[in-house]
Amino acid sequence: MAMITTDYVSTYSGNRFYPLRPHIDKVVIEDIAHGLAYQCRFNGQTQVFYSVAQHSLIVAGLVPPHLRLAALLHDAAEAYLGDMVKPLKVLLPEFAVLEDKVSAIIASTYDLDFSDYAPIKRADLIALATEKRDLMPHSAERWAYLDGIAPLPGIIEAMGPAEAKQCFLHAFAQLGGLGLAASSPFPGRTNGR
């Protein structure tokens, strides 16, 4: 019996992502929102389910308005590649190359400019410090790359995947991703903020 192999990954909406090239038939925001909303951060090693989509919402809420759409989509490649934990990324440097190529495809599709990445990275670290505190209570060890980074004052209230997906799509539309005028900030769901 011959083994049938495919060189693509099917997306939620039925598009195909070809990681070996890399190529995406059609970049669709619903594929990105769905993929990120149904992926748990930290390889699922959190106290409750907490999605990459919710993380992205928090990051987008921490940057200046002109960077919010780029911040919302800063982890969009993970919708196609998965959320690989940092120690594995270090061991697999070719993965970072592939992630950069997929990010470039997404950036081109949505006319994003990731050149002013420092504020997004800082917001990403603030979100990470908050997530570590609120979602990983047994991970009390020091993470050196969080030295000097204060978590947000509010506690993260984790959203379910369906809610995170809808909030992500709403934020994308608010930020002009669907050709609408950018409007007010949106929630990433922390209380006390």
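Reader: What share of the 193 residues in the protein chain is buried?
Author: In this predicted model, buried residues account for 48% of the 193 residues in the protein chain. The chain exposes about 10,000 Å², and 57% of that comes from carbon and sulfur atoms.

Reader: Why is Thr 11 called buried?
Author: Buried means under 20% relative accessible area. Thr 11 has 14% relative accessibility, so Thr 11 counts as buried. Thr 11 sits in the loop between S1 and S2. Leaving aside residues up to four places away in sequence, Thr 11 touches Asp 31 and Tyr 80.

Reader: What makes Leu 88 partly exposed?
Author: Partly exposed residues fall between the 20% limit for buried and the 50% limit for exposed. Leu 88 has 40% relative accessibility, so Leu 88 belongs in that class. Leu 88 is part of helix H5. Together with Leu 91 and Leu 92, Leu 88 makes a nonpolar surface patch of about 290 Å².

Reader: What pattern does the protein chain follow along the sequence?
Author: The pattern is β-β-β-α-α-α-α-α-α-α-β-α-β, from eight helices and five strands. Among contacts with a separation of 6 or more, 62% join residues 24 or more positions apart.

Reader: Which residues of H6 are buried, and what covers them?
Author: The buried residues of H6 are Phe 95, Leu 98, Glu 99, Val 102, Ser 103, Ile 106 and Ala 107. Their cover includes strand S2 (16-18), strand S3 (23-24), helix H1 (29-37), helix H4 (78-81) and helix H5 (86-91). As background, an α-helix has 3.6 residues a turn, so residues three or four places apart point the same way.

Reader: What makes S1 and S3 edge strands?
Author: Three strands form an open sheet in the order S1-S2-S3, with antiparallel pairing. Strand S1 (9-10) and S3 each pair on one side only, and are the edge strands.

Reader: How do you know that S2 and S3 count as a pair?
Author: Two strands pair if there are at least two bridges between them. S2 and S3 have two bridges, in the antiparallel sense. Tyr 18 has His 23 in S3 as its bridge partner.

Reader: Where do Phe 42 and Asp 111 lie, and is each of them buried or exposed?
Author: Phe 42 is in the loop between H1 and helix H2 (52-60). Its relative accessible area is 14%, so Phe 42 is buried. Asp 111 follows H6 and lies in the loop between H6 and helix H7 (118-135). Exposed means over 50%; Asp 111 has 72%, so Asp 111 is exposed.

Reader: Why is the contact between Arg 41 and Glu 131 called a salt bridge?
Author: The limit is 4 Å between a side-chain nitrogen of Lys or Arg and a carboxyl oxygen of Asp or Glu. In this pair the closest N and O atoms are 2.6 Å apart, so the pair meets the limit. Arg 41 lies in the loop between H1 and H2 and Glu 131 in helix H7, so the pair ties together parts 90 residues apart in sequence. Arg 41 is buried, with a relative accessible area of 9%, and Glu 131 is buried at 0%.

Reader: How many salt bridges are found in the whole structure?
Author: The search finds six. One of them joins Asp 124 and Lys 121, at 3.7 Å from N to O. These two residues are three apart in helix H7, so about one helical turn separates them. Asp 124 is buried at 13%, whereas Lys 121 is partly exposed at 33%.

Reader: What makes Arg 133 and Asp 134 a salt bridge?
Author: Their closest N and O atoms are 2.5 Å apart, which means that the pair is within the 4 Å limit. Arg 133 is partly exposed at 33% relative accessibility, and Asp 134 is buried at 13%.

Conventions:
Residues numbered from 1 in each chain as written. Predicted model: local features only at pLDDT ≥ 70, side-chain atom pairs only at ≥ 80, totals over all residues. Heavy atoms only, no water. Helix = DSSP H or I, 4+ residues; strand = E, 2+ residues; numbered from the N terminus. Buried < 20%, exposed > 50% of the residue type's maximum accessible area, 1.4 Å probe, protein only. Contact = heavy atoms within 4.5 Å. Areas by Shrake-Rupley, 256 points an atom, 1.4 Å probe, with all protein chains shown as cover. Patch = residues over 30% accessible without salt bridge, like charges linked within 9 Å, V, L, I, M, F, W, Y side chains within 5 Å.
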